[in-house]
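Hi,

Here is the structure I promised to pass on.

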Amino acid sequence: MDDSKSVALNGLKAPFQLGSLILPHNVIYAPLAGVSDFPYRRMSRRYHSGLIYCEMVKMDALVRNDTGTFHILDFDASMHPIGAQICGSKPKLAGQAAKIIEDLGFDVVDLNCGCPVDKVTKDGGGSGLLKTPDLIGELIAEMVARVKIPVTVKVRAGWDENSINCHEITKIAEAAGAKAICIHGRTRKQAYKGPANREWIRQCKEAAKEILVIGNGDLMEAHDASLMYQQTGCDAFLVARGTMGRPWIGTEMVPHLSGLEIDPKTLEECRQALIEHFEETLSYHHKRKAVIDMRHVGCRYLKKAVGTRDFREKISRAQTVQEVRELIMGFELHEQQGSAEEEPSCD
């Protein structure tokens with residue numbers, strides 16, 4: 001076996017222990033705001049045996065029993081192992097919210113310290129917490145004190161390049177009782193621009209004693225995971241935008257990390273998966289919402305085909321379920337050279 005395959009083999013941990021939870025492996029699907037809804041998670045579970053997440057929810061909304069927030073957290077038994085992610089900056093609410101998550105039956109609860117959007121950071125939550133590392137420790141400690149399930153935390157490298165403090169937060173999170181910390185190799189200021197800096201992830205792995213370090217950022221293809229492992233020595237991989245339109249990416253990463261060859265999906269297989277996703281959406285949402293959702297979901301599955309821009313324009317004008325089905329099935333599949341642009345999302 002050559003060196004690259006040896007490294008890839010070492011990158012896979014199967015099974016993978018996260019606190020008291022035993023996972024089948026160390027490839028994890030991230031929470032994606034506006035993306036990781038119930039149909040998305042049903043599709044993820046069809047292909048992926050590892051940990052998946054619901055969309056992020058706010059602590060205060062959970063504590064005040066907001067109906068919409070509990071709808072976001074809707075899941076069924078087939079989705080285990082499943083995690084929930086909470087955001088906010090009030091320690092007392094953090095403990096209460098974590099307990100609610102545990103009582104709902106989730107396997108993991110994660111604290112979001114990475115979301116860069118203004119509506120989250122303006123209240124001190126998300127990546128706004130990067131400015132107050134000690135508060136992150138307080139939030140985690142409150143969560144750990146209230147639940148038995150593993151508590152984890154997701155951060156960015158820092159607020160900007162002049163305030164990189166993820167290695168410091170790694171130590172704080174470990175002392176507070178978190179079982180794992182996920183490092184997104186970008187700053188809040190970067191949002192989703194520019195490449196993720198894996199050196200920052202490596203520094204966190206060096207700073208960690210017992211806490212697991214999960215690498216995140218630019219995991220778009222199977223080989224990206226083995227490259228991240230080579231560059232960082234991370235314990236696990238959190239795949240975010242790479243899962244969009246590719247719920248099977250985990251079935252490519254896991255064998256690749258063990259040194260096996262993988263066969264990419266054909267465009268026709270991508271089309272059939274899109275139809276399956278549409279049917280899952282129809283079975284969960286009302287017809288109008290299912291039609292609207294296909295305006296952004298559809299192009300993700302077909303992004304490697306020629307003519308996706310025209311497809312997007314047509315599906316954006318579709319008004320009925322039948323129109324959507326006809327557009328998907330009638331789309332001529334020709335593979336383009338290179339990759340389509342990824343759509344940004346709050347991961």
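Before you set anything up, keep in mind that this is a predicted model. I'll go through what turned up, piece by piece.

**The strands around β10**

Strand β10 covers residues 212–216, and five of its five residues are buried. Leu212, Ile214 and Asn216 point one way, while Val213 and Gly215 point the other.

β10 has a parallel partner in β9 (residues 180–184), with five bridges joining them. If you want a spot to look at, isoleucine 181 sits opposite valine 213. Another parallel pairing, over three bridges, links β10 to β11 (residues 236–239), and there asparagine 216 faces leucine 238.

β9, helix α9 (residues 198–207) and β10 form a right-handed β-α-β unit. β10, helix α10 (residues 222–232) and β11 make a right-handed unit of this kind as well.

Helix α13 runs over residues 287–301 and spans 20 Å from its first C-alpha to its last, close to the expected 21 Å. There is a bend of about 45 degrees at arginine 295. Its buried residues, including Asp293, Arg300 and Tyr301, pack against α2 (38–47), α12, α14 (308–317) and α15 (321–330).

In α12 (residues 267–284) you'll find glutamate 280. Is it buried or exposed? Its relative accessibility is 7%, so glutamate 280 counts as buried. Beyond its neighbours within four places in sequence, glutamate 280 is in contact with Pro39, Arg42, Met43 and Arg46.

**Aromatic pairs**

How many aromatic pairs are there? The count comes to five. One of them is tyrosine 47 with tryptophan 248, edge-to-face at 5.7 Å centre to centre and 70 degrees between the planes. Tyrosine 47 belongs to helix α2 and tryptophan 248 to the loop between β11 and α11 (249–257), so this pair ties together parts 201 residues apart in sequence. Tyrosine 47 is partly exposed at 23% relative accessibility, whereas tryptophan 248 is buried at 2%.

Phenylalanine 311 and phenylalanine 331 also pair up, this time tilted, at 5.0 Å centre to centre and 45 degrees between the planes. Phenylalanine 311 lies in α14 and phenylalanine 331 in the segment after α15, so the pair links parts that are 20 residues apart in sequence. Phenylalanine 311 is buried at 2% relative accessibility, and phenylalanine 331 is buried at 11%.

Finally, ring pairs link Tyr47, Trp248 and Tyr301 into a cluster.

Cheers

Terms used
Residues are numbered from 1 along each chain as its sequence is written. This is a predicted model: local features need pLDDT of at least 70, side-chain atom pairs count only at pLDDT 80 or more; totals for chains, interfaces and linings use all residues. Side-chain values use heavy atoms; hydrogens and water are left out. Helices (H or I, at least four residues) and strands (E, at least two) are DSSP runs, numbered from the N terminus. Buried means under 20% relative accessible area, exposed over 50%, partly exposed in between (1.4 Å probe, protein chains only). Contact means heavy atoms within 4.5 Å. The expected span of a helix is 1.5 Å times one less than its number of residues. The bend at a residue is the angle between axes fitted to the seven residues ending there and the seven starting there. Two strands pair if DSSP finds at least two bridges between them. A crossover is right-handed if, with the strands pointing away from the viewer, the path from the first strand over the helix to the second runs clockwise. Rings of Phe, Tyr and Trp (its six-membered ring) pair if their centres lie within 6.5 Å; planes under 30 degrees apart count as stacked, over 60 as edge-to-face and the rest as tilted.
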